[in-house]
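Please examine the sequence and the three-dimensional structure shown below.

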Amino acid sequence: DFGVVETTEEVVAEKNETEGVCDLASKKQQSESGEKMMKKKKKKDQARGVKHRYRLQSDTEALAKSSPKSKSSQEKNPFEKERNARKVVNAASPLGKQRNTLVDGSENPDLGPVLLKQTRDMMSSGENPKKALELALRATKSFEKCTDGKPSLDLVMSLHVLAALYSNLGQYNEAIPVLERSIEIPVIEDGQTHALAKFAGCMQLGDTYAMQGQIENSILCYTAGLEIQRQVLGETDPRVGETCRYVAEAHVQALQFDEAEKLCQIALDIHGENGAPASIEEAADRKLMGLICDSKGDYESALEHYVLASMAMAANGNEVDVASIDCSIGDAYLSLARYDEAVLAYQKALTVYKSAKGENHPRVASVYVRLADLHNKIGKVRDSRTYCEDALRIYGKPNPGIPSEEIASGLIDIAAIYQSMNDLDQALKLLKKALTIFGEAPGQQSTIAGIEAQMGVMYYMMGSYTDSYNTFKSSISKFRASGEKKSALFGIALNQMGLACIQRYSINEATDLFEEARNILEKEYGPYHPDTLGVYSNLAGTYDAMGRLNDAIEILDYVVDIREEKLGTANPDVIDEKRRLGELLKEAGRVRSRKPRSLVTLLDTSTQIIKD
């Protein structure tokens, strides 16, 4: 929200009079309307990442009010003298020359605010975004000519609007340098308003990177904005709490749950100190904290936060939000294998959604998907299929105005259930539909890469190794382009692509992929995680195939040691790895050096199994 740029009635009247010549007014002048905030919508209801734009309320209202060109004036319209002068100059000139003279009037200090207001009105009405972009460019040019080299908040505001229009048109690469420039202009030492202008630019730049799928860059921008806001407003300002929660959500998208938990706890402390008990802000903090705990496997703590959030939302009369939290409560119960309680939570949410949203709303379908997953896990496959079909019926004919991304996310969830039923053909069909919905949108490259990776796994399971390889190749390239080169998901995709290469006898390529996957997973998960150990084992196999016997023995010996320590010597995985190691040692003419072990280690220590 960039605030409200006010102009005098005389200015509006004059620009309407000159509409035919200098095109200062839009064809359809709308009445002043409330500004729509750009907000990134959460794409994951549970354990799925969220993307939404940042709300700038009182901060940016202060920015707008401080703008000297935006204030009303009781003086005569400054266009009057200029227009009279132009009448003399252009009396004998053709129309084209008159138009050029008026456009060159961008040095007029009052032209920029008028153009910026027209741009904002067109953005609010949603009409002709290309025309709005043209007006924003002219407004920016006008402000640039009137700054005299001094930091201008009018120019900053105009750059923010210009970047927003570029983003709305999908031209993110054009928006980024505009926002970078807007961040450079304000001087924090010049006062709070300058600092908040810089903060707003950082947050909007973070949003733009997030829409491109570059989560790491977006987090860097958000963190810089948060530090500026803390310096200006103080550590305990409620607005700082809101920003902490916002940045925590970005960390959740990046699967950085420890950092997300720290920031969310700060938000909770701030809102608990400043707000009333059971406030909306505290409820939102607790819902996010529940999601973080859920993602870390701490389901009891997640359940506690969800219940407190539900009580706060209920106290404020937000029925639909309570239903959303009930779904989260059901998810936590499902993870704890408390199936009856999970069903009750889901049914409660289903009743509210049907009443508030209608029988055919995607929210209703999302509950059907959860019920399908639950019944599949307890072995009631027929009931699970029925719920899947109910959800697909809704997703097939959604209500008007439903975001297509919400439909695609639902199809992905149902595909995962069909995959667990070993119905790979139906799962692939649904993933292809989701892929078609997302298309080649620049802001969805990371999501598309994830879908393609899942399709690659299914092709591999079906024995279509060439299709699997090609799909993984496309997925990997998108992960690299979207800045996901260091994520654990990217490491797992590299490992899967390596397996497809082995089936196609591309051993050298498989080795390169396994080595890259190992480096990523060692950093993200550590050397003892099951996924990391799986990559070690695969890498040992390729080294063996390449004749690098000593390297293979060294890696496999390490894997066997770790598996014996964590799983016990009687575990089937340990026995299989030891057999492979024995064959390699026999081929090399070597004997494995034994290490002394306790009786506890020799037994199958099921309580120490690492959770995948």
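How are H16 and H17 oriented to each other, roughly parallel or roughly antiparallel? This is a predicted model, in which local features need pLDDT of at least 70 and side-chain atom pairs count only at pLDDT 80 or more, while totals for chains, interfaces and linings use all residues. Residues are numbered from 1 along each chain as its sequence is written, and side-chain values use heavy atoms, with hydrogens and water left out.

Two packed helices are described by the angle between their axes and the distance between the axes. Helix H16 comprises residues 319-335 and helix H17 residues 339-357; their axes come within 8 Å and cross at roughly 160 degrees. Helices are DSSP runs of H or I with at least four residues, numbered from the N terminus. The axes are lines fitted to C-alpha atoms over the stretch in contact, and angles run from 0 to 180 degrees between N-to-C directions. H16 and H17 are therefore roughly antiparallel to each other, a term for angles over 145 degrees. Their contact (heavy atoms within 4.5 Å) involves residues including Ala 323, Cys 327 and Leu 334 of H16 and Ala 342, Ala 349 and Val 352 of H17. By class, this contact of H16 with H17 has 14 nonpolar, two polar and six charged residues. Nonpolar here means Ala, Val, Leu, Ile, Met, Phe, Trp, Tyr, Cys and Pro; charged means Asp, Glu, Lys and Arg; the others, Gly among them, are polar.

In the span 323-356, 91% is helix and 0% strand, and the end C-alpha atoms lie 10 Å apart.

A second pair is formed by helix H24 (residues 488-503) and helix H25 (residues 507-524), which pack at about 160 degrees with axes 8 Å apart. H24 and H25 are therefore also roughly antiparallel to each other. Among the residues in contact are Phe 490 and Leu 494 of H24 and Leu 513 and Phe 514 of H25. The contact of H24 with H25 has 14 nonpolar, three polar and three charged residues.

The loop between H24 and H25 holds Tyr 505, whose phi is near 65 degrees, a positive value in a residue other than glycine. Tyr 505 counts as exposed because its relative accessibility is 72%; exposed means over 50% relative accessible area, with a 1.4 Å probe and protein chains only. Asn 422, in the loop between helix H20 (404-420) and helix H21 (424-438), has a positive phi near 70 degrees. At 58% relative accessibility, Asn 422 also counts as exposed.

Methods. Helix = DSSP H or I, 4+ residues; strand = E, 2+ residues; numbered from the N terminus. Parallel < 35°, antiparallel > 145°, perpendicular 65-115°, else oblique. Buried < 20%, exposed > 50% of the residue type's maximum accessible area, 1.4 Å probe, protein only.
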